[in-house]
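Keep the structure open as you read.

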Amino acid sequence: MLGICRGRRKFLAASLTVLFVPAITWIYLFAGSFEDGKPVSLSPLESQAHSPRYTASSQRERESLEVRMREVEEENRVLRKQLSLAQSRSPSHQHGNHSKTYSMEEGTGDSESLRAGIVAGNSSECGQQPAVEKCETIHVAIVCAGYNASRDVVTLVKSVLFHRRNPLHFHLIADAIAKQILATLFQTWMVPAVRIDFYDADELKSEVSWIPNKHYSGIYGLMKLVLTKTLPSNLERVIVLDTDITFATDIAELWAVFHKFKGQQVLGLVENQSDWYLGNLWKNHRPWPALGRGYNTGVILLLLDKLRKMKWEQMWRLTAERELMSMLSTSLADQDIFNAVIKQNPFLVYQLPCFWNVQLSDHTRSEQCYRDVSDLKVIHWNSPKKLRVKNKHVEFFRNLYLTFLEYDGNLLRRELFGCPSETDVNSENLQKQLSELDEDDLCYEFRRERFTVHRTHLYFLHYEYEPASDNTDVTLVAQLSMDRLQMLEAICKHWEGPISLALYLSDAEAQQFLRYAQGSEVLMSRHNVGYHIVYKEGQFYPVNLLRNVAMKHISTPYMFLSDIDFLPMYGLYEYLRKSVIQLDLANTKKALIVPAFETLRYRLSFPKSKAELLSMLDMGTLFTFRYHVWTKGHAPTNFAKWRTATTPYRVEWEADFEPYVVVRKDCPEYDRRFVGFGWNKVAHIMELDAQEYEFTVLPNAYMIHMPHAPSFDITKFRSNKQYRICLKTLKEEFQQDMSRHYGFAALKYLTAENNS
């Protein structure tokens, strides 16, 4: 607000100056042209012809007046130009609803000393700034590899989307892991006017693998060098960003700087803000050659078309080969090679003001880049310490970063009015499906949830697992929300095999989960647990969507479909692998049932054998699952027979049967129409039966449900009559769909429901 007021005062002063200076000047000149009350001609020739009192002194006086008048006119011309510039920079001009373009001011709030530091050849701050068309697409390239970098990219993209007013085209140079994660994320994010293209980073390794690199970014830290070769040949310019960047302004302002490049300038860079390239950080410190302090490559403006014409590939390769003969390796990855090239060819670089890359590493000069919050444009966490870096204003920067880290990404799905978006088949299909729903239907919200696209971030934490080579491996599949987080460590202690979990969280809760997991020795020691974040949206818990997400992303041939509230018996993982072979699950349609029990005690001495469990059943410490409230759900397991069974036995499907089973990974998905509480597992077991799965109870397997407070959804089910009516309606529609799909054999489900 203070900046706006200052701008208005400057605008008013300039306006008054333009109005009053000419008036005062002409009054002065007009008054001076009268002598003894008679007008005097301003022309010396005319005066000489008509005035007998013409003298040499009066001639000089009039000549000086003419010179002064020309000077005033020149001053007026300059003032009018400055006034025009002030108008173009005023907030009302920038943010007018009817303006097709908006001006970009570079260096707002910058000090004179910083302006003076811009290299010779850069355009003047006094000239009219070039405009970025309202619907002009801005191209951004990012190199991203691995699980952690994929998380960082999301925060960067959020900060860009938050401020942007233009269509965006992201060019992601990604390895297979990052591509899988980010492709799913953007596909489910469905942000208008955003296009994503992927380029295989693994295919580019051979281009830079010959360069030894000591930087923590590894081989991927060198790939910005080959962007002229990697990106489309018709792409003329691109903004290149590191993953640890946070934007505090509209990226279009940076895009507009391309118009300031002159001559052979092809690289836009900010000066490095540490003393690294000065070589005085420690004794015998020998950095790569650089121009002065050198340049930081966390933010780069690349004129690709000109770089290709200059044979950039050959230029940087020859420079790298020559320097490596003495330097042996790079310390700062691509940045060392960029600087070595610039040292030889300083005309290539356009130096950006340092607020376009405020570098928050230890012992930097970043504080000289800003005097106020409004001065900040781009923040770069370029220290290995990241948020723990030393800086006088680090708390402010950290809070700004955390704002985007925890910001609800769903709010960024906003349209750019007046800018046509590319046709998205998924969006069109979704809109068509939603338009076919009756909004006056009392169960509309239930039906709508089936078509809701939830933003999904796969493999939120590092995952590394190779399934057993004997094709018997089993993954435990479950879903949870924030209130069940405490179960994770216990499950990991009970189940040593791979786990696939879908977590229903908000953006802020996802960060809480991350901190919780990183602070847990148990969870951090396990790399075979896949955590898939499904972001919250809508009023229902999408339980079956979560199960489907967890099921879809397993790497083993079999899966154990469990719930997060259950602890499997010790050794169940190995027992199931043996059972898979024994019961020939690979070649038969079987669903292996793991009998479910429960305890009402929060502290339980977990039974280590079937005999111990039976003893606890007899003493009343344990019960068969839901024995008191929902007997039908597990009664077909035949617990009486299980007590004495030593071999697997087959059971028949019955109405409302919902056991926990082990199946092949190609089993049908859960039906998404069932959300919250009620019939979500029942419908799945019914479909397995319709597909002629054989239900087989395992005699020496068991799982125990641990007590917890009632979920929000079961509370709604019990208290809301309309909730129960809608659930009944959805059940009937599901059974009708089953009859249409499976024919006469599915009629038994209608009969069983009527008899139950």
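This is a predicted model: local features need pLDDT of at least 70, side-chain atom pairs count only at pLDDT 80 or more; totals for chains, interfaces and linings use all residues.

Residues are numbered from 1 along each chain as its sequence is written, and side-chain values use heavy atoms, with hydrogens and water left out.

Let's begin with strand E5 (residues 138-144). Helix and strand names are DSSP runs numbered from the N terminus (H or I, at least four residues, for helices; E, at least two, for strands). Seven of the seven residues of E5 are buried, so the strand is largely enclosed by the rest of the structure. Buried here means under 20% relative accessible area, with exposed over 50% and partly exposed in between (1.4 Å probe, protein chains only). Ile138, Val140, Ile142 and Cys144 point one way from E5, while His139, Ala141 and Val143 point the other way.

Strands count as paired if DSSP finds at least two bridges between them. E5 runs parallel to strand E6 (residues 168-174), joined by seven bridges, and histidine 139 sits opposite histidine 169 of E6. To get from E5 to E6 the chain passes through H6, in a right-handed β-α-β crossover; right-handed means that, with the strands pointing away from the viewer, the path from the first strand over the helix to the second runs clockwise. Strand E8 (residues 237-241) is also parallel to E5, through three bridges, with alanine 141 facing valine 240 in E8.

**The nine-stranded sheet**

Another part of the model has an open, mixed sheet of nine strands, ordered E15-E18-E17-E16-E19-E25-E21-E26-E24. E15 and strand E24 (649-651) are the edges, each pairing on one side only. H18 packs on this sheet, touching E17 and E18, and its direction makes about 135° with that of E17. H20 lies across E15, E16, E17, E18 and E19, running at about 145° to E16. Those angles run from 0 to 180 degrees between N-to-C directions, using lines fitted to C-alpha atoms (for helices, over the stretch in contact).

| Residue | Location | Relative accessible area |
|---|---|---|
| Aspartate 671 | loop between E25 and H24 | 16% |
| Asparagine 548 | helix H20 | 7% |
| Threonine 452 | loop between H16 and E15 | 9% |

Contact means heavy atoms within 4.5 Å. Leaving out residues up to four places away in sequence, aspartate 671 touches Asn544 and Phe734, asparagine 548 touches Glu669, Tyr670 and Arg672, and threonine 452 touches Glu537 and Arg672. Aspartate 671 and asparagine 548 are 123 residues apart in sequence, yet 8.9 Å apart in space, C-alpha to C-alpha.
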